[in-house]
Amino acid sequence: MIDAGHGGSDAGAKGRYSYEKDIALDVALKLGKVLEESMPDVKVVYTRKTDRFDEVKRKAAIANEAQGDLFISIHCNAAAPLSRVVGHKTVTYRDKRKKKRTKKVPIYEKIANPAKGTETYVWATSKNNAKAEALRNNSVIVFDANSEETQQLMNADDPETLIMLNTLKNVYFDQSLRLSGLVEDEFTKVGRISRGARQRNEKGILVLHATAMPSVLVELGFISNPEEEDYLNSKDGQEEMASCIYRAVKRYKEQLEKVYNAAEAVRKSQGPAAAPQAPAPQPAQNIPAAVSLRTEQPAAPPAANTHYKIQLMTSEKVYARGSTMFKKLNGTIEREDAKQGRKTVHKYILGNFRTEAEAHSALNKARQQGFKDAFVVTYRDGERVD
């Protein structure tokens, strides 16, 4: 998700001859173009592509409705002008006794503030509750819950789901910090002055905490500084800024995919029937599948005759579908009987999921409910594939 800040009737900061809204849009479009050309597997969505005004809540809604995996808001900074003494003048006044007096007073001149450099913001920790609320309101999107059954499992009011959402919020915060640091690092490499990656503490930025995804806001430079204003409006400057952000996104994506692929390799090596193990420590954080950048060319979807279920447990005891032990799972429970020597054992199966992602979301919930040995089972043409 690329957001060009301001727009339309909201001009944003003003320089000597230009407006923030126009620079933000120019760089946003250039960034989108280089992403589309250099990373064709990544889908790019804009909150605006023209000089249009939208409330910030609408911009966040656009990002959430598009199910974005990363939100980048483009802005320009500004600093109030300074005053300097350029001379003095003599003024005449009357004192309390009505006598004339004279005194010298300074003559001030407004000058442009010399502040310059880039900044990249993430939401402040004081806005963590607001970010968690955004994730809760979009929990169906966050967990890729496409089926009604999975939506029931991902009940946003359920304590276990809230724990998962809170964990995801912390992951998103770490990822946002990661990207903000990469952006500033790329700016530094081309000689820009970096004022750092930081939290926005002085005032909140709604698009950062109302978007259900990792999110950053990039301040390209100070439009109030004449030198930087010229750079921000130049073709070379805009292309350089867009290229810096692109390279940061590329590095961010590569780092996440490296961590995710390593985790997937460990999971596959354990096999579907392996007892669940404690998560292996990872380089920076645990990255859930829903976090990786969604692409236009995802892995091939399963065939239409393939679906997934969760085997909760195997027991010699017979439990009814409506047993209290299954109640919190909010899904259909089936029982499969199998012979083990002279004994009959019963396999208790949950749900019918269209995708492996949905099944793994349900698996997490089942394990939280005490089914520690639960695992995903694949079915093809109605037959179980072990």
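What percentage of the 386 residues of the protein count as buried? In this predicted model, the figure is 43%. The views below take you through some of the places worth a look.

**View 1. The protein as a whole.** Start by finding your way around: the protein has 10 helices and 12 strands.

**View 2. The largest nonpolar core and I74.** This core has 52 residues, and the members that touch the most others are L31, I72, I74, L179, V218, L220 and I245. Helix α9, which covers residues 235–270, gives the most to the core, with 9 residues. Pick out I74 and see what surrounds it: leaving out residues up to four places away in sequence, I74 touches D3, A4, G5, A24, V27, A28, L31, V218, L220 and I245.

**View 3. Where helix α1 meets helix α9.** The axes of α1 (residues 20–38) and α9 come within 8 Å and cross at roughly 50°. The two helices are therefore oblique to each other, and α1 passes α9 in a right-handed crossing. On the α1 side, the contact is made by I23, D26, V27, K30, L31, V34, L35 and S38. Facing them from α9 are Q238, E239, M241, A242, I245, Y246 and V249. Sorted by class, this contact has 10 nonpolar, 2 polar and 3 charged residues. Here is a handy idea for reading such lists: an α-helix has 3.6 residues a turn, so residues three or four places apart point the same way.

**View 4. Where helix α8 meets helix α9.** Here the axes of α8 (residues 226–233) and α9 come within 5 Å and cross at roughly 80°. That makes α8 roughly perpendicular to α9. From α8, residues Y231, L232 and N233 meet K235, G237, Q238, E240 and M241 of α9. The residues in this contact divide into 3 nonpolar, 3 polar and 2 charged.

**View 5. Helix α2 and the residue Q67.** Helix α2 runs over residues 56–65, and its buried residues include K59, A60, I62, A63 and N64. After α2 comes Q67, with a positive phi near 55°.

View 6. H6 is not a glycine, yet its phi is positive, at about 65°; you will find H6 in the loop between β1 (2–4) and α1. K98, also a residue other than glycine, has a positive phi near 70°. K98 lies in the loop between β3 and β4 (100–111) and is exposed, with a relative accessible area of 62%.

**View 7. A78 and its partners.** Look in the loop between β2 (71–77) and β3 (82–94) to find A78. Its relative accessible area is 41%, so A78 is partly exposed. Setting aside neighbours within four places in sequence, A78 is in contact with A13, F222, I223 and S224. A78 and G12 are 66 residues apart in sequence, while their C-alpha atoms are 9.5 Å apart in space.

Methods:
Residues numbered from 1 in each chain as written. Predicted model: local features only at pLDDT ≥ 70, side-chain atom pairs only at ≥ 80, totals over all residues. Heavy atoms only, no water. Core = buried A, V, L, I, M, F, W, Y, C linked by side-chain atoms within 4.5 Å. Buried < 20%, exposed > 50% of the residue type's maximum accessible area, 1.4 Å probe, protein only. Helix = DSSP H or I, 4+ residues; strand = E, 2+ residues; numbered from the N terminus. Contact = heavy atoms within 4.5 Å. Axes fitted to C-alpha atoms, helices over the stretch in contact; angles between N-to-C directions. Parallel < 35°, antiparallel > 145°, perpendicular 65-115°, else oblique. Left-handed = near helix turned anticlockwise from the far one by under 90°. Nonpolar A, V, L, I, M, F, W, Y, C, P; charged D, E, K, R; others polar.
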